[in-house]
Structure formats: C-alpha cells, structure tokens
Amino acid sequence: MWKLARIAASNLSRSRRFSTAIPGPCIVHKRGADILHDPWFNKDTGFPLTERDRLGLRGLLPPRVISFEHQYARFMESYRSLEKNTQGQSEGIVSLAKWRILNRLHDRNETLYYRVLIDNIKNFAPIIYTPTVGLVCQNYSGLFRRPRGMYFSAKDKGEMMSMIYNWPAQQVDMIVLTDGSRILGLGDLGVQGIGIPIGKLDMYVAAAGINPQRILPVMLDVGTNNQRLLEDPLYLGLRQPRLEGEEYLSIVDEFMEAVFTRWPKAIVQFEDFQMKWAFETLQRYRKRFCMFNDDIQGTAGVALAGLLGAVRAQGRPLADFVHQKIVVVGAGSAGLGVLNMVVQAASRMSGNSETAAKNQFFLVDKDGLVTTERKGLDPAAAPFAKDSREILGLGEGASLIEVVKKVKPHVLLGLSGVGGIFNEEVLKAMRESDSSKPSIFAMSNPTKNAECTAAEAFVHAGENIVFASGSPFENVDLGNGKVGHVNQANNMYLFPGIGLGTLLSGAHFITDGMLQAAAECLASYMTDEEIQQGILYPSINSIRDITAEVGAAVLQAAVAEDLAEGHGDVGPRELKQMSKEKTVEYVRSNMWYPIYSPLVHEK
Ligand SMILES: NC(=O)c1ccc[n+]([C@@H]2O[C@H](COP(=O)([O-])OP(=O)(O)OC[C@H]3O[C@@H](n4cnc5c(N)ncnc54)[C@H](O)[C@@H]3O)[C@@H](O)[C@H]2O)c1
Ligand SMILES: O=C(O)C[C@H](O)C(=O)O
Ligand SMILES: [Mg+2]
C-alpha cells in the first residue's frame with residue numbers, strides 16, 4: 001500500500017537536465033508588428049535576420065541580433081539593479097516592484113519570461129505565486145495595465161457559449177478558475193482574485209511544462225461582498241453583491257458547459273472558492289467534467305505526504321500513522337479536505353473503519369473544538385466532530401490552548417487563515433507533545449496569515465520540531481552551526497502533476513485513486529536521510545522532477561482504473577505497456593521547455 005521504497009528513476013531524474021532540443025517550427029498567422037506585440041511569438045531583438053525578412057520585421061527592430069542568452073543576461077541584470085536600487089524600502093514595495101518587472105516581461109516575451117522563471121524558480125515563485133501574488137490581488141485595480149485570461153461575469157449569462165470562442169488559442173489544456181470569494185487568507189477580493197489563476201498557471205508552466213499557449217486563467221465575476229471594493233472607484237469588477245443559490249450555480253454551470261463544448265479535453269482546476277461553493281461545485285461536477293478542487297484535494301495530498309513524513313522523522317514505522325494525534329485548526333475547504341484524505345489513509349492502513357480511524361484527529365475552528373454538541377454544525381465538518389463525552393475535560397468550543405495541553409498532539413496543523421494563532425503559549429505547549437519530534441504545520445497563506453513564523457516555531461516549540469509553512473520562510477539559524485529546516489507545505493507540489501498526469505492519460509475524470517497516487521508519490525520522494533533532517537518535501541528547485549514523478553503516478557493510476565484514453569498519438573494500449581520508469585520519461589518528454597522556435601507564417 002504505502003510503499004516507501006524509492007524508485008530508481010527518481011534518483012536518476014534529479015540530476016538530469018531537461019531536454020533543450022530545438023522544437024519544431026511554430027505556425028503564426030500574423031506578420032510584422034503584430035508579431036512583435038504578441039508575447040507568444042515575440043523574440044524582441046532575438047529575431048534572426050532571415051526570420052525578420054520572412055515575417056516582415058525588417059526595419060521594425062534595431063539592426064543587431066541579440067542571442068537568447070544575452071537577452072536573458074540583460075533581464076537578470078536589470079532585475080539585480082532593481083534589487084539594489086530598492087534596498088531599504090519596505091518589503092511590500094520591493095515585492096511589487098519585482099512583480100512589475102516580471103509581469104512586463106510576461107506581457108512582452110513569454111519564452112524569455114518562462115525561461116527566467118524556470119531557472120530561478122526559488123527566487124521568483126514567491127513573487128509570481130504566494131506570498132506576493134496576494135498583495136498583487138489586493139492592489140489589482142491599481143496595478144492593472146493589460147488583461148490576462150478571460151473574465152465571465154453575471155452579466156454574461158446566456159452569452160458564454162459564444163464568448164468562449166473569443167479566446168485566441170485553438171486548444172486549451174489547463175484552466176484555473178476562481179470566483180475570487182476566498183483569495184488565500186485574504187477573503188473576498190472579487191474580480192481582483194484573477195491574480196491567483198494567473199500565478200497557479202505560471203506554476204503549471206514552470207513545474208509541469210504545460211505549454212503557455214494552452215493555458216487559460218479565468219475569473220468568474222458574480223459580484224463581491226467586500227464593501228471596501230464596492231466603494232472603490234477604481235474597482236474593475238461588477239459592483240453588486242455576490243449572486244447566491246441557484247442563480248450562482250447557473251452561472252458556473254453555463255461556464256463549464258461552454259468550456260467543455262469548445263475544448264472537451266480541457267481540465268478545470270477550481271481555486272480559492274469560499275467553502276460552501278468549493279464543496280458543492282466539486283460534488284456537482286467531478287463526475288461530469290474533468291476537474292478538481294485544488295484547495296480541497298491538492299492541499300490534502302500535500303498535507304498527507306507531510307504527515308507521513310512526520311511519522312518517519314520520528315523514526316517510527318509508517319504504520320504508526322494511525323496512532324498519531326493530529327489537531328487541525330481551521331474547518332474550511334482546506335482543513336476538511338485534509339481530514340477527509342487523512343482519515344481515508346488511516347483507515348486503509350489500519351484496515352479499520354473510517355469511524356475508528358477518526359479517533360486520533362481533532363478539529364478546531366473559530367469557535368474552538370468542534371464537537372457533536374456544536375449548534376448549527378456544518379454537515380461537511382460533522383464527520384470530524386468529537387463526542388465530548390469521549391474526550392475527558394474537553395468540551396464543545398474548548399480553546400486551542402486547552403486542546404493542545406490536553407491532547408499533547410504529535411502534529412499541530414493550521415489551515416485557518418489567521419496569522420499568529422499559534423502563539424507563544426500554544427507553541428510552548430507543543431513541547432509537551434507525545435511525539436519525539438513534534439510537527440508544526442502553519443499552512444495558511446500568504447505569509448502574514450501563517451499561524452506562526454518559522455522562527456517562532458523553533459524558538460518556542462523547541463529545536464527538535466519539524467516545521468512546514470504554506471508560504472516560504474528562510475531556514476532558521478539555531479546557533480551552534482545548527483539549522484532549523486523550513487518546509488513549504490504548499491499544494492504547488494501536487495497540482496501541476498495532477499494536471500499533467502490527467503492530461504496525458506486522457507482520462508475524463510479525476511478520481512480519488514488518481515489523487516491518492518499523487519500523494520503517495522510525493523510521500524515516497526524523500527530519502528530517510530533527508531527526512532531525518534526534517535526535510536519533508538523536495539526543494540522547489542527540483543519542482544519539475546517531482547512533477548514528472550507525480551504526473552506519472554497519476555497517469556498510471558488512471559490506466560489502472562481503465563480511465564486512460566490516451567493523448568495525441570499515444571493511445572491507451574501504449575500507456576498500459578509502459579513501465580513506471582518509461583511513464584516518468586514519457587511525462588518528462590511532454591514538458592514544454594522555453595526555447596525560441598523558428599516561426600513559419602501561414603495565412
Ligand atoms: N498551504 C497550502 O497549500 C494551502 C492550501 C489551501 C489553503 N491554504 C490556506 O488555508 C487557509 C484557509 O483556507 P480555506 O479554504 O480552508 O478557508 P475557509 O475560509 O474555507 O476556512 C477557514 C477556517 O478557519 C477557521 N477559523 C477562522 N478563525 C479561526 C480561529 N481564530 N481559530 C481557529 N479556526 C479559525 C474558520 O472557522 C474556518 O473553518 C487560507 O489562508 C489559505 O491560504 C493553504
Ligand atoms: O495559493 C497557494 O499558495 C496555496 C493555496 O491554494 C491557497 O489557497 O493558499
Ligand atoms: Mg488556493
């Protein structure tokens with residue numbers, strides 16, 4: 001079941017460089033200045049003279065042809081100057097300035113943009129993804145220069161089937177969709193939430209090598225309940241309260257029908273929907289369309305992999321997972337998604353029913369410990385509500401500190417969106433944990449919403465903890481040459497592989513089996529030595545490697561479930577015959593890599 005034997009291929013792949021073979025020619029239907037203004041095709045000063053002749057570009061560029069490497073160096077030089085020139089300024093100002101310079105390149109020349117992103121992913125992910133993307137969403141109306149992706153609003157009802165054909169690409173593989181109702185831990189940001197699908201899809205390109213010409217970020221604007229935005233004269237979204245009930249669902253239904261009519265093989269990732277719609281839409285669509293909810297399902301897999309790592313970090317056999325006491329703080333889409341998957345895994349591992357597996361897990365929300373006595377208990381949280389007669393001394397609504405002191409959990413996992421709730425007292429109480437290596441997962445985003453900082457965790461809970469956060473923190477210097485390792489427990493380790501594996505499998509649905517395979521693959525990726533050092537997840541620098549492995553695991557699970565219909569020239573029979581190693585190679589070879597292709601004009 002939970003095999004942890006490391007596959008040889010993953011060792012091999014870590015050191016391998018990605019293929020940089022010259023891709024085939026790329027067909028363009030435009031000429032001249034139109035090409036220079038199209039970031040998909042633009043090479044700026046990099047157009048060779050022959051291509052300038054063929055495409056009507058001669059005279060539209062300075063005469064000297066600059067190589068890709070030179071263009072790359074020039075961009076990095078201006079990025080470094082910006083870093084130097086903004087020294088001493090506030091973190092927010094610096095981050096937004098960095099985002100702007102990257103965004104300008106994104107708008108101008110996608111090939112160069114994605115190459116610098118892939119090569120510098122550790123430095124640039126915190127800008128195009130969490131945490132800076134949160135700040136970008138908060139300031140979107142002021143930052144807006146050019147649209148990116150598509151916007152469907154409540155005013156477009158009845159028009160979406162034709163609107164979808166306004167998108168210029170013939171084929172779309174991956175769509176990330178939000179309604180902006182719960183952007184990271186920042187709440188309802190309305191249309192400004194479009195930054196999240198854009199950032200997630202940048203990660204799809206960087207980590208999974210999805211072709212950027214085949215991605216589509218989408219904002220479904222059904223209004224906002226954020227009064228500040230409704231009153232902001234610069235706000236770019238609909239100025240109306242959010243649609244509710246059937247009215248809301250009819251908009252999402254229409255969008256889904258339109259997408260799958262034009263692109264029957266597309267995959268839609270739901271992102272940052274408020275909890276009620278996150279669960280409802282997942283249930284409504286997962287057996288009709290190829291879709292998943294990243295906050296519920298992607299997060300769950302990443303958390304489960306981390307929790308299994310935490311068992312190994314204690315030097316315990318994996319089977320011990322079922323005895324781990326885990327306190328989950330936050331009963332939203334992410335927290336409940338994690339508990340659902342964790343309970344399923346524990347029940348599989350122990351051979352016991354899910355009810356028995358639940359004993360070790362405790363759920364705390366804004367009103368404290370969730371028990372069966374909770375008034376108006378949310379049906380989604382109900383399966384995890386404790387019977388207060390069974391937990392001596394802890395009643396309905398017990399505070400987090402009471403729960404931690406009484407339970408002495410092995411793991412404290414935060415998905416509450418509330419910065420700092422793992423305060424000094426709570427963290428100090430974790431010193432009494434029954435674990436030899438207590439684990440603190442402060443998974444809320446962005447950084448200021450993390451339940452605690454990495455430094456706080458190591459200082460207050462002790463040096464022997466295992467620490468993970470949703471947004472990146474620097475490793476912590478513990479003195480005496482010792483370092484407290486910081487893991488980034490973020491769904492970015494899974495969603496790109498879930499998307500790519502599903503795409504290449506040609507499956508029409510994303511099943512629990514495929515998601516479980518993804519989590520299992522991530523869980524088995526780290527060596528025992530790494531785990532002993534508190535390293536639960538790979539470095540973001542190897543995100544293409546882990547994504548190739550996860551993608552292959554998802555693809556193989558689809559094959560095993562007889563759902564794989566193949567992709568392009570590779571049919572289901574060929575997929576079935578592929579060994580595990582071959583599948584990883586197949587996935588890897590399908591990753592797009594940014595390199596200038598010769599452009600061929602076709603009318
Ligand atoms: N690291 C990751 O990969 C990842 C993935 C998904 C979500 N997240 C983060 O998790 C957070 C929550 O996301 P969500 O979709 O579940 O949101 P949500 O709004 O659905 O749920 C938030 C939950 O937190 C609870 N809560 C609020 N205040 C609390 C308090 N003081 N004490 C305890 N619980 C409290 C609420 O009762 C609710 O149950 C966000 O910050 C999001 O960025 C991180
Ligand atoms: O966006 C992220 O960084 C992770 C997650 O999807 C979130 O909503 O916080
Ligand atoms: Mg999210």
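Guide: Asp 365 stands opposite Gly 368 in strand S9. This is a predicted model, where local features need pLDDT of at least 70, side-chain atom pairs count only at pLDDT 80 or more, and totals for chains, interfaces and linings use all residues. Residues are numbered from 1 along each chain as its sequence is written, and chains are lettered from A and ligands numbered from 1 in the order in which they are written.

Visitor: In what sense do S8 and S9 pair?
Guide: Strands of a sheet pair through backbone hydrogen bonds, either parallel or antiparallel. Pairing here requires at least two bridges found by DSSP; strands are DSSP runs (E, at least two residues) and helices likewise (H or I, at least four), numbered from the N terminus. S8 (residues 361–365) and S9 are antiparallel, over two bridges.

Visitor: What is the strand order of the sheet?
Guide: The open sheet has seven strands, ordered S9-S8-S7-S10-S11-S12-S15, with mixed pairing. S9 (368–369) and S15 (486–488) are its edge strands, each pairing on one side only.

Visitor: Which residues does UniProt mark as "binding site"?
Guide: The unreviewed entry lists Arg 182, Asn 445 and Asn 490; such annotations may be inferred rather than shown by experiment.

Visitor: Is Asn 445 buried or exposed?
Guide: A residue is buried with 20 or more other C-beta atoms within 10 Å of its own, exposed with 12 or fewer, and partly exposed in between; C-beta atoms are placed from the backbone. Asn 445 is buried because 25 other C-beta atoms lie within 10 Å. Asn 445 sits in the loop between S11 (439–442) and helix H20 (454–461).

Visitor: Where is Asn 490 found?
Guide: Asn 490 is in the loop between S15 and helix H21 (495–505), and is buried, with 24 C-beta neighbours inside 10 Å.
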